[in-house]
Amino acid sequence: MSRTALRICPLCEATCGLTLTVEGSRITAARGDRDDVFSKGFICPKGASFGAVDGDPDRLTGPLVRKDGVLREATWEEAFDAVAAGIRSVVERYGPHSVGIVLGNPNVHTMAGALYPPVLIGALGTHSLFTASTVDQMPKHVSSGLLFGDANAIPVPDLDRTDHLLLIGANPLESNGSLCTAPDFPGRLKALKARGGTLTVIDPRRTRTAKLADRHIAVRPGTDALLLAAMAAVLFEEDLVGTGELTPHLEGLAELRTAIGDFTPEAVADACDVDADTIRTLARELAAAPTAAVYGRIGSCTVAHGTLASWLVDVLNILTGNLDRPGGALFPQAATDRTPRPAGPGHGFRLARWHSRVSQYPEAKGELPISALAEEIDTPTERGEPVRALIAIAANPVLSTPDGDRLDKALDALDFMVSVDPYLNETSRHATVVLPPPPPSQSPHHDFAFNTLAVRNQVRYTRAAVPLEPGRMAETEILARLVLAASGMHGADPAAVDQLVIDQTLGKAVKEPHSPVHGRDPRELQDRLSGDTGPERRLDMMLRLGPYGDGFGARPDGLSLDQLLAHPHGIDLGPLRPRLPQPLKTRSGKVELLPEPIADDLPRLREALKRRPDGLVLVGRRHLRSNNSWMHNVPALTGGSNRCTLHIHPDDAERLGVRDGAAVRLKGAGGEVTAPAEVTEAVRPGVVSLPHGWGHDRPGTRLSHARKEPGANVNQLLDGSLLDPLSGNAVLNGFPVQLTPVT
């Protein structure tokens, strides 16, 4: 007997609602939920393949513990006994910073990954934190921190109301959006054009998104910040700056004009390979549009000037008066955000509170560059202990970070490693203990991170579609037990972790004058919490304390878990609204347009005017049926257009003697890889493109389908030394490579 169940899709940032067909414990079909308040029935190939992802036979069903050098099946008790012994012995002998934590991209796609790693980091007290953010989005966090005082205050384009959208380094028709949660991004772009709006795409590749655009600018890779700075300079030079209602909230406008004045279109045109008249036209059209939004993403983040480019995206929105207004770029307000505090000066955002041990890279947002992980393990110095134990949660840095070969060797040198992962992959194969979470159908879902980036305010929650199978452990319990084992509380009830968070949160909330529960008894508030599990009680608490919450009875019509459960397709909270100055946490209480770290980095951008790449440079690319390295084991999501081929322009192919389909060898500072060439005009001359996340050819994994067509690991071309200095983000785009045909 089949039945249906609702589930929010966890396979990309679009967070679409799904209707699953369930037979027993197996998902046999997935379609879009037409009644979902946010996605309204939209589904992409990843969501349609939910059942195949969920039922992958290579998923581990129980924990593995290394004995006599071999990973063997073990009980959960044996596994956590080993974790407690391994982590605590390292902490007690070498100190907390000798334990590294690596958080991968899938953490933000699960409830457990949002709720428990912050507790683990706090309990351990380690500075050795590495996440996927520093191969992806850290420049945006840093620029937002410097501009607005909050690294998580990221404005998103108001896609449904804007008249003019400028995308730089973004390909949402393939990615479904990134740092901009928008189900049916393609449909929203088509609606923009249908209502007479303009879409401009700046990208060295003629992507599917670029083909939809009214204008496509094939900029030279890595010069995004120069192009954006020139557009800003035009706005000042031609008196097109119109900050409007933003003006009282801005600091440093005159200083900004002086700082970027020499980045004229004529000065940057040659470096960007975009003529000066085109740059001026881009700036004028942006200023003239009734409403407009500039949106930059991974292509503009993962370059040498990623933080400056991210900063300039918001600068352009500010100078044209489009920040924090409908049709421009606004700050979302998620239902589980902290109770909004009154507007006013805050603590601001600080960089470099500590540094990495070997190369002295500065911390950003509490993280060190993940490119430095290998050297932090394998390089002794007099500045503290190396990383001797590693906790990897949903992370595969051997494939997803520069110089995976070095990291591969470094992981073998660890005293202890635990990996929370459903697969035995290129990274988890090194672990002493592997703790596999259940398939997504057996877990509840609420999007904590992505709702803070959504193009419409809404809230949704789905309980597990399938009961937890015997022998499996809920991901929330796995991570709660991991917190206890790593912090010296092994054996305690895992519910104690949730209770600790509830106690701390409510204890703080009743002391905050702006809180809806100010002055109340925390024990009385706890008694009001609903939910069948600790994670549900925490969600109920966050909803009630949040900006739309019932305040534990103070606002009877407000949100709570019970109300959310009564609306299985979600609750629409309305379009994005202007929020300034409330989100600002800078020391001045204003948008600080020219923060000191940004001003200090501008001379480096000026130096870039003098440099031109010799030979070819490489950029990555996204596939609609993939999300980094964690979906290549699903047959339905590989093949066709989702292949690891090297895109090369016909002119370059003819010059280098490369035939379509023939193997070519790429060489970079970190090593070399071989891949089949795909001759195409989708890339501009002088640029080649290889997708991210491939390279499934290492021994010792259990990825039977991925191993059949392993592809080439593009990150092996890098040695990890190329970083954006402000954010520590790896430079994955616009770096030089040498190409030769394989004879």
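**Figure 1. Lining of the largest cavity in the predicted model.** The largest cavity is lined by 13 residues, and those nearest its centre are Lys-140, Ile-154, Pro-155, Tyr-295 and Gly-296. Its volume is about 80 Å³. At least two lining residues come from each of strand E8 (156-157), strand E13 (293-296) and helix H15 (306-319). By class, nine residues of this lining are nonpolar, two are polar and two are charged. The structure has four cavities of 30 Å³ or more.

Figure 2. Helix H6 spans residues 138-148 and is mostly covered, with 11 of its 11 residues buried. Among the buried residues are Met-138, Lys-140, His-141, Val-142, Leu-146, Leu-147 and Phe-148. Lys-140 also belongs to the residues that lie nearest the centre of the largest cavity. The buried residues of H6 pack against helix H14 (298-301), H15, strand E20 (591-592) and H25. Gly-149 follows H6 and has a positive phi, near 85 degrees.

**Figure 3. The second largest pocket.** This pocket has a volume of about 500 Å³. Its lining comprises 23 residues, of which Pro-221, Gly-222, Ala-304, Arg-611 and Gly-734 are the closest to the centre. Helix H25 (596-608) and strand E26 (735-741) are the elements that give two or more residues to the lining of the second largest pocket. The lining is made up of 13 nonpolar, five polar and five charged residues.

**Figure 4. Salt bridge between Asp-532 and Arg-463.** The closest N and O atoms of this pair are 3.3 Å apart. The two residues belong to distant parts of the chain, 69 residues apart. Asp-532 lies in the loop between helix H22 (522-528) and helix H23 (534-545), whereas Arg-463 lies in the loop between strand E18 (456-459) and helix H20 (475-486). Asp-532 is exposed because its relative accessible area is 65%, over the 50% limit. Arg-463 counts as partly exposed, at 36% relative accessibility.

**Figure 5. Salt bridge between Glu-607 and Lys-610.** The side chains of these residues meet with an N to O distance of 3.1 Å. Glu-607 is partly exposed, with a relative accessible area of 39%. Lys-610, at 63% relative accessibility, counts as exposed.

**Figure 6. Salt bridge between Glu-678 and Arg-643.** The N to O distance between the two side chains is 3.7 Å. Glu-678 counts as partly exposed, at 25% relative accessibility. Arg-643 is partly exposed as well, with a relative accessible area of 38%.

**Figure 7. A network of salt bridges.** Glu-237, Glu-238, Glu-266, Arg-280 and Arg-284 are linked in this network. Side chains of opposite charge can pair when their charged atoms come close. The structure holds 43 salt bridges.

**Figure 8. Surroundings of Arg-625.** Arg-625 is placed in the loop between strand E21 (616-619) and strand E22 (646-648). Arg-625 counts as buried because its relative accessibility is 18%, under the 20% limit. Leaving aside residues up to four places away in sequence, Arg-625 touches Pro-45 and Lys-46, together with Ala-636, Leu-637, Thr-638, Gly-639, Gly-640, Ser-641 and Asn-642. Asp-214 is 411 residues from Arg-625 along the chain, and their C-alpha atoms are separated by 26 Å.

**Figure 9. Surroundings of Asn-107.** Asn-107 lies in the loop that runs between strand E6 (99-103) and helix H4 (111-115). At 5% relative accessibility, Asn-107 is classed as buried. The contacts of Asn-107, not counting residues up to four places away in sequence, are with Gly-113, Ala-114, Pro-117, Ile-393 and Ala-394.

Key:
Residues numbered from 1 in each chain as written. Predicted model: local features only at pLDDT ≥ 70, side-chain atom pairs only at ≥ 80, totals over all residues. Heavy atoms only, no water. Helix = DSSP H or I, 4+ residues; strand = E, 2+ residues; numbered from the N terminus. Buried < 20%, exposed > 50% of the residue type's maximum accessible area, 1.4 Å probe, protein only. Contact = heavy atoms within 4.5 Å. 1 Å grid on protein atoms, 1.4 Å probe; cavity = no way out; pocket = protein on both sides within 12 Å on 5 of 7 lines; lining within 4 Å. Points joined across faces, edges and corners; volume = space filled by probe spheres on them. Nonpolar A, V, L, I, M, F, W, Y, C, P; charged D, E, K, R; others polar. Salt bridge = Lys/Arg side-chain N within 4 Å of Asp/Glu carboxyl O.
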